Amino acid sequence: MSEMKRQEISKMGQYSTLYPKVEVKRLDPDAPMPKFSRDGDAGVDLTCMDDVEIAPQGTVMVHSGIALSIPRGFEGTLRPRSGMAAKRGITIANTPATIDSNYRGEVLIPLYNLGHDLARVEKGERVCQLL
């Protein structure tokens, strides 16, 4: 969870202890920091930092450009964006994908093409949510 969202939640008082502090390191200077798109979103959006084509029924690992420091005892999960799955047939290969607390490398996103046609994802597209 982003520090900004933690601060917003802390302002609400009783909810301030529900969220652990997750540090985010930008590995790619062009990578946007994870953020909530709308008030009330369950997760922050992660962005694809590659231009990729995904073969029908194929999987491609794409770069997020960020690394996380998740506290021990917690996990991060990557979940599909419902619009991307419903409209374009692109989802997360092993949803929900787990990010363990001891993993410190770049968050890679396993995109899967459910369709029968080649799918394209462009650099800068929001491709999943991190919870």
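Which residues does Thr47 touch, not counting residues up to four places away in sequence? The model is a predicted one, and in it Thr47 touches Pro32, His63, Ser64, Ile109, Gly124, Glu125, Arg126 and Val127, with that same exclusion. The points below set this residue in its strand and then turn to the sheet and the loops.

**Thr47 and its strand**

- Thr47 has its place in strand β2.
- Thr47 counts as buried because its relative accessibility is 9%, and the limit for a buried residue is under 20%.
- Strand β2 covers residues 44-47 and is joined by 4 bridges to strand β10, residues 126-130.
- The strands β2 and β10 run antiparallel.
- Within this pairing, Asp45 stands opposite Gln129 in β10.
- Among the residues that Thr47 touches are Arg126 and Val127.

**A further partner of β10**

- Strand β5, residues 76-80, also pairs with β10.
- The pairing of β5 with β10 is antiparallel and extends over 3 bridges.
- Here Pro80 stands opposite Cys128 in β10.

**The open sheet of four strands**

- An open sheet is formed by 4 strands, in the order β1-β4-β8-β6, with antiparallel pairing.
- Its edge strands are β1 (23-26) and β6 (90-92), each of which pairs on one side only.
- On average, neighbouring strands of this sheet are turned by 45° against each other, direction ignored.
- Strand β1 and strand β4, the latter spanning residues 59-69, are antiparallel and joined by 4 bridges.
- In β4, Ser69 is the residue opposite which Glu23 stands.
- In general, strands of a sheet pair through backbone hydrogen bonds, in either a parallel or an antiparallel sense.

**Backbone details in the loops**

- Most residues other than glycine have a negative phi, and most peptide bonds are trans.
- Gln57, a residue other than glycine, has a positive phi, near 60°.
- Gln57 lies in the loop between β3 (52-54) and β4.
- With a relative accessible area of 41%, Gln57 is partly exposed.
- The peptide bond from Thr95 to Pro96 is cis, and its omega is near -10°.
- Pro96 is placed in the loop between β6 and β7 (97-99).

Key: Residues are numbered from 1 along each chain as its sequence is written. This is a predicted model: local features need pLDDT of at least 70, side-chain atom pairs count only at pLDDT 80 or more; totals for chains, interfaces and linings use all residues. Side-chain values use heavy atoms; hydrogens and water are left out. Two strands pair if DSSP finds at least two bridges between them. Helices (H or I, at least four residues) and strands (E, at least two) are DSSP runs, numbered from the N terminus. Buried means under 20% relative accessible area, exposed over 50%, partly exposed in between (1.4 Å probe, protein chains only). Contact means heavy atoms within 4.5 Å. Axes are lines fitted to C-alpha atoms, for helices over the stretch in contact, and angles run from 0 to 180 degrees between N-to-C directions.
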